[in-house]
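Let's take a friendly look at the charged pairs in this protein. Have the chain in view as you read on.

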Amino acid sequence: MTVFKGYMKIIKYNRWLIFMYLAIFFGVTIMFQAATGNEEQNAYQAHSVSIALVGEEDGSFLGAFEEYLGKFHEVKRMEEDTAFLQEELFYRNIEYIVRIPDNFYETCIKNREKLSVTKIPGSYTAFYVDEQINSFLNNARVYDAAGFSEEETAQALGEMETGQVEMRNAGKNAGEVPSYAFYYRYLPYLYMAVLCYVLGNVLSAFRRGDLPRRMKACAVSARRQSMEGFLAAAVMGAGLWIFSISVSFLFYRGSLAENGSLGYRLINSLLLLAVSLALAYFVGFITKDSSALNGIVNVLSLGMSFLCGVFVPLEYMSAGVKRTAQFLPVYWYETVNDILTEYGTITEQVKIRIYQAFGIQLAFAVALVCMTLAVAKKKKA
């Protein structure tokens, strides 16, 4: 097992490089998970707006209007003081001002005049409040057209219930993104960077000086040397995979184990590992020194990470970028990861999509192995 020991000795020599990329991986994962997780949680939540009602008008209809807005927002009664209101708006103590005219019901419902409002320019919350006010006034006009009095209209609007929405997308996660999905999204960068750098350095070391001639002259056959090299690479890959998966269980504990997609995630990560090992061997055979290795590995790991949905989710990619990324193996890993994140229940149709992506990743791994063997054969010739 001389060759195997030689591989493992060089891998051990590069342990600080492995630790560095592990630190980068966990730092990036924690940072992006914290930032993107909060964004996902707040993406579809209603926001309360601070609204000021200005005017001396009073009555049942205005009371119903104030009660309606109070269901969604923080509503304040204020006096007409332009300087004070501008200051409150400037400091964002209030975000929306509604000026109530005299004879509110007569002016806005019977005469159908618009309410005078002041809002922060370009604020999306202002459009949100606009739609709610228009909805209330339009409902009031319907009641008025039906012959209701002001008091009856106010009472009917006060008893009107707001709509309740319940997400029932069968088989999906109802818009929720599991926290561990971010961890598995960034695995490709870790696998490609660590394996390509370390195995590239190992293969480069075994081709320096007169070592190749000495290995040809030794009693160990070339086949055994190759098998011991493959065994060392497999041991390193298995160690990296076991460590990364164990950390995911440590971080996410029950939530990962309880999810029905765990088996698919493990298979997906194993196929990614196979692709990364095959890519590492190919890069190791085509590079002659560490400078060339660093350049190629940076282009491959960072390039595929940005194009295939590791650092930037695929949903934000343009159609042209996605078409290009389909010719790269990491795209299909991220496709499976996104499917498993979106669906809580894996149906037969979803399984077909997952198995197709598995097959494509396996085909990439086989193709890379064949290319490596072709390059090795050409160099021996």
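D130 and K119 form a salt bridge through their side chains, with N and O 2.5 Å apart; the term means a side-chain nitrogen of Lys or Arg within 4 Å of a carboxyl oxygen of Asp or Glu. Because D130 belongs to helix α6 (residues 124–145) and K119 to strand β4 (residues 116–119), this pair ties together parts 11 residues apart in sequence. Helices (H or I, at least four residues) and strands (E, at least two) are DSSP runs, numbered from the N terminus.

D130 is buried at 14% relative accessible area, while K119, at 32%, is partly exposed. Here buried means under 20% relative accessible area, exposed over 50%, and partly exposed in between (1.4 Å probe, protein chains only).

## How the model was read

This is a predicted model, where local features need pLDDT of at least 70, side-chain atom pairs count only at pLDDT 80 or more, and totals for chains, interfaces and linings use all residues. Residues are numbered from 1 along each chain as its sequence is written, and side-chain values use heavy atoms, leaving out hydrogens and water.

## Two further pairs

In all, the structure holds five salt bridges. One of them links R99 and E80, whose closest N and O atoms are 3.2 Å apart. R99 sits in strand β3 (residues 96–99) and E80 in the loop between β2 (74–78) and α4 (82–90), so parts 19 residues apart in sequence are tied together. R99 is partly exposed at 23%, and E80 is partly exposed at 49%.

E348 and K351 also meet in a salt bridge, at 3.7 Å from N to O. Both lie in helix α16 (residues 348–380), three residues and about one helical turn apart. E348 is exposed at 57%, whereas K351 is partly exposed at 22%.
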